[in-house]
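Work through the exercises below with the sequence and the model open beside you. Try each task before reading its solution.

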Amino acid sequence: MDPKQRNYLLLALCAILVIGSWVMFFPPAKKITQGLDIRGGLSVILTAKPRAEQQLSSDDMDRAVLIINNRVNKLGASETSVQKQGSDSILVQIPGIKNAQEALNVLQSTGQLEFVEVSTITDTATVAAIESAQQNVQLKPGTYKPFMTGDVVTNASVAQDPQSGKIVVNATMNPAGTKTWAAVTTRLFPTHAQVAIVLDGVVKSAPQVQDAILDGRTQISGNFTAQEAKDLATVLQTGALPVSLAPVDTRVVGPTLGQQSLQQGVLAALIGLAIVAIYLVAFYRGLGLISVVGLIVFGSLFLGLLATLSAFGLFALSLPGIAGIVLTIGLAADSSILINERFREEIGLGKTIRSAAASGTRHAIGTSVDADLVTFVSALALFVIAIGPVKGFALTLMLGIFCDIVMMLIFSRPLIILMAESVFPKAPAFWGIPREVSVTGSVAGKKGGAVSA
Amino acid sequence: MHKFNIDFMGNRRIMFGISLTLIAISIAALAFRGLQFGVEFKGGTVINVANAKGVSQAEMANAVAAAGIKDASVQTAVVNGQTGFIIRTSVTDPATANGDAQKAAAELNKTTVRIPAGDFQVTTIGPGWGKSVTNAALIALAVSLLAILLYVSIRFEYKMSVTAILALVHDILITLGIYALIGYEVTPNTVAALLAVLGYSLYDTIVVFHRIKENSQGLVKQSFMSMANESINQVLVRSINTSLTSLIPVVVLLIFGGPTLKDYALALTIGLISGAYSSIGVAAPIYAMWKEREPKYAALAKKFAKA
């Protein structure tokens, strides 16, 4: 394939990609997923601490992610996401903030349910407190041993006790739990001994065993509000967390606040783009015009890429992400300026238009890629190491750099080389070329000065 | 054609003087005024209230007090072009913090609706989290500086990478110094922006170095210093133009952006300006001075020394 054909082919590829991008991203408000800081919602990073003296294993974390996912699903919100971050954190994102409070309660609760015979508790003060029907007695670790844990609970529902009118949680157990529960209640009911039902170390209720319970059902009463009972039922159904999770970075964003920020960001990006475009055309005229089209190509490819990633659920635009995009506008303008300057400079050294176009773009792209790679390295370090929202900034920065390099290779270089053949010579001044420079031949009086590699 | 012939190298002492003065002011500002760290580094809660048109600072403070929120600071702020407030508290439990925000809004809306329900942003950072954030930031900084050092050493030479890093340290110090001087809050966003701008301002430095490297091949007709000066002049138009075109969108963002976007825009603005300057004012002259000590170039310098 001769170089000319190859350049036409590259431009055709560029046109296809740009059209494809527009199909992908238009309308952007629908096609590019918006992050929670823009559309509003709850975003929380939970960090795990292992219980007791155990080590935090990756199995525990995977199980915790699964359980948190189940709990989030039970909250009834749509488009939620639960992701493991690093070795010990989980990022939970729930759009809409109607139930932020409820969600936070449910996410944080370890949900470790334990059944304890009160007579086996070794701390006498605690036993006395339970026997005197005190509420929410805290058990000291190591002073009690459960005969059964919440793992046996297969189903839990909120109900109202017909006699007391109190809100209770009814739990159903699996066969193993049913068997243990039957054995214990059968043994204890003659003496009406107490069984403490303990949630995360706090006695929720301590009923006297009145009868042998053989069908694996039990009622957990406590002074629950309807909300607390619902949360408890959710936690019981989804199982206890193998680790305790603490919210370390929680953001609740109202619905209109984020949209306003987005509008400001988009407005700033567009104004910035417009000023840069005017500047480029004013300074470089014809070449500036090519640069501006280059910026449009860059923007199209970038938005197309973001929309494509969004379609696969791999991207959501956050405010830091917008900052990254704004910075890459400058990057894309830079690479065009490098090309323009180098082209003019090689012309100035006495090269023909054709060879200045070929070698100028090659040198300028070389420099640009060097500089791009350095910025890319910083962005990559940030993306891999940093925690929290700043990852969004690093991501759009990296994607923008990628689009910049693609733009130079499939648009700027082939177009300038092709135009150098036929278009530039027709109006040299407009393209920033002194009139006496020829397309191919050498210039009288200006011996081909060397620009070294 | 735009041709410059400015004697940067001859005036390098003036540029060093400017840089050293700025660095001295920055260090003094950092030492005496210190940096204001954002909630992400300290733990606590920030409530951003927008669309609070017509609500005075006193009314908001009263609502916050009536809601029973202890040791809260209420600050007026223009959030997204609308009157708004930034309320800072020491609460580290998100459920409590959200309850507080709801209560304060309810207090304010007791008689008439002053702020739309739920129209605020509550950020709560747990205790101890700041340490992880700070560590991650420092590691990211160290890793990217190392990576840059390595890349430039392999691609060019170690003397370039060392001077490039010197220029970066210059940029970081001045940016932080300005933050300390104006008392603007340092958040993880600031750190991210600063990191990005480091890579970015290296862009300028690398372009200058690229040109010096090209021109240094087979150098016999002039001293390294004057060749370096010529190199700077050759890429000056490009430097000015690229700096301007990068700066324009960022400055527009600084003017129009909301809270998070402003965080980025300010650090990027200072970093870009300082970075553009340090490529020419710090990195290139120090590199040239260092190179002139190599026997080959020392001989050239002697030969072309002005009488």
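**Exercise 1. Describe the sheet of chain A that holds E6, E7 and E10: what is the strand order, and which strands are at the edges?**

Step 1. List the strands. The order is E6-E7-E10 in chain A, and these 3 strands make an open, antiparallel sheet. Strands (E, at least two residues) and helices (H or I, at least four) are DSSP runs, numbered from the N terminus. Strands pair if DSSP finds at least two bridges between them.

Step 2. Find the edges. E6 (153-160) and E10 (217-220) of chain A each pair on one side only.

Step 3. From one strand to the next it averages 25°. Axes are lines fitted to C-alpha atoms, for helices over the stretch in contact, and angles run from 0 to 180 degrees between N-to-C directions.

Step 4. Look at one pairing. E6(A) and E7(A) (residues 167-173) are joined by 7 bridges, in the antiparallel sense. Ala156(A) has Ala171(A) in E7(A) as its bridge partner.

Step 5. Place the helix. H8(A) packs on this sheet and touches E6 and E7 of chain A. Its direction makes about 170° with that of E6(A). Contact means that C-beta atoms, placed from the backbone, lie within 7 Å.

The model is predicted: local features need pLDDT of at least 70, side-chain atom pairs count only at pLDDT 80 or more, and totals for chains, interfaces and linings use all residues. Residues are numbered from 1 along each chain as its sequence is written, and chains are lettered from A and ligands numbered from 1 in the order in which they are written.

**Exercise 2. Why is one side of E5 and of E9 in chain A left without a neighbour in the sheet?**

Step 1. Read the order. It is E5-E4-E8-E9 in chain A, an open sheet of 4 strands with antiparallel pairing.

Step 2. Check the ends. E5 (148-149) and E9 (202-205) of chain A are edge strands with a single partner strand each, so one side of each has no neighbour in the sheet.

Step 3. Inspect a pair. E4(A) (residues 113-117) runs antiparallel to E5(A), with 2 bridges between them.

**Exercise 3. Which element of chain A gives the most residues to the side that touches chain B?**

Step 1. Size the contact. Chain A brings 66 residues and chain B brings 65.

Step 2. H9(A) gives the most, with 16 residues.

Step 3. Sort by class. The side of chain A has 43 nonpolar, 17 polar and 6 charged residues. Here Ala, Val, Leu, Ile, Met, Phe, Trp, Tyr, Cys and Pro count as nonpolar, Asp, Glu, Lys and Arg as charged, and the others, Gly among them, as polar.

Step 4. Cross the chains. E11(A) and E5(B) (residues 120-125) run antiparallel, joined by 5 bridges. Thr250(A) stands opposite Thr124(B).

**Exercise 4. Where does the confidence of chain A have its lowest and highest mean among the elements?**

Step 1. Start with the chain. Its mean pLDDT is 86, and 95% of its residues reach 70 or more. pLDDT is the predictor's confidence in each residue, from 0 to 100.

Step 2. Compare elements. H8(A) (residues 226-238) has the lowest mean, 80, and H10(A) (residues 286-311) the highest, 96.

Terms used
Two residues are in contact if their C-beta atoms, placed from the backbone, lie within 7 Å.
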